[in-house]
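Let's walk through a structure together, with a few questions and answers along the way.

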Amino acid sequence: SDRERAGLTLAPTLPAWSAFSWAGAQQFLGGEIVSCPAAFRTIRRYLGDHLTFRPDSYGTLLALWIMGTYVHQIFDTFPYLWFRDGGNRSEVDRVLDILQRVVFNGASSSGRDGRATFRRADSASTMLIRSLPTDRRRNRLNTVRLGYRKAAVFTRQELGWNTVVTCAYSAYCPKLLIGDPRWQVALWEAVIPIPWPTVKGSPRPPAPEDERGWQAMLDGMHIWGLSHAAEIAQSYQRAWPPRGLEASTAREREIWGPLFVLAQIVDCELGGTTVTEDLMELR
């Protein structure tokens, strides 16, 4: 093929792991369905148990974004979230742990760990990144800068068996960024800023019943994504731009559109407009 003659190798794109348990997969195959309002309320309740936002509508934004990590491949673009003011190291670790436990295939990253930056993005993990690569690492910075678009692909020269091969990596995956003020300048077209939350309670090891509840929550989110992917894709294609973004710029539609699509599907099943109104308050 042309690809083989050019010496181009496509890197694997399958996730290295999945938080979807065997029991959860069997429930899905057995016909279990999780509704959009149930998924939203589950994530909103989980966030409310651990974090406090001012105003509270940022909790709605974060819940929708977390839901979106499970179906982000449906969208042509998916926004980054940037926590404007990181706390001390202990607070940052706690917030990352809280969020990593509920996003799709969460993976913490320093943003400086070389080849892993490409491979984590390529595996469709949700990356939680602490710091911005310096200008000396432009390839890594570009991976982050353009990776909110599904079409973003990067190539790297890597060693093969007695040869050098060109590997192609997808840069597209959800990314949550912590603290570094340079994010706002470097990634202005891709990020939605969000204030630093107040962390509730004191850190403690999770009890066994907490772990069982956490796994059930993750399984429910996977089941929700699998059972509603077609509906979400249809809404995304048929009703664009979504209600509330008709007079917005192209950039606003790119970064806010997926969240508005999810909000309006939740509202439609609830028979109201509350979730969408929370987003409109923040935009």
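This is a predicted model: local features need pLDDT of at least 70, side-chain atom pairs count only at pLDDT 80 or more; totals for chains, interfaces and linings use all residues.

Q: How are helix α10 and helix α11 oriented relative to each other?
A: Helix α10 spans residues 250-270 and helix α11 residues 274-282, and their axes lie 7 Å apart. The angle between them is about 155°. Angles over 145 degrees count as roughly antiparallel, so α10 and α11 are roughly antiparallel.

Q: How many of the residues of α4 are buried?
A: Helix α4 covers residues 57-69 and reaches 19 Å from its first C-alpha to its last, close to the expected 18 Å. The helix is largely enclosed by the rest of the structure, because the buried residues number 13 of the 13.

Q: Is arginine 44 buried or exposed?
A: The side chain of arginine 44 meets that of aspartate 56 in a salt bridge of 2.8 Å, N to O. This pair links helix α3 to the loop between β2 and α4. The relative accessibility of arginine 44 is 18%, and the cut-off for burial is under 20%, so arginine 44 counts as buried.

Q: What is the sequence separation of glutamate 254 and arginine 149?
A: Glutamate 254 and arginine 149 form a salt bridge, with their closest N and O atoms 2.9 Å apart. Glutamate 254 lies in helix α10 and arginine 149 in the loop between α7 and β6, so the pair ties together parts whose separation in sequence is 105 residues.

Note on methods: Residues are numbered from 1 along each chain as its sequence is written. Side-chain values use heavy atoms; hydrogens and water are left out. Axes are lines fitted to C-alpha atoms, for helices over the stretch in contact, and angles run from 0 to 180 degrees between N-to-C directions. Helices (H or I, at least four residues) and strands (E, at least two) are DSSP runs, numbered from the N terminus. Angles under 35 degrees count as roughly parallel, over 145 as roughly antiparallel, 65 to 115 as roughly perpendicular and the rest as oblique. The expected span of a helix is 1.5 Å times one less than its number of residues. Buried means under 20% relative accessible area, exposed over 50%, partly exposed in between (1.4 Å probe, protein chains only). A salt bridge is a side-chain nitrogen of Lys or Arg within 4 Å of a carboxyl oxygen of Asp or Glu.
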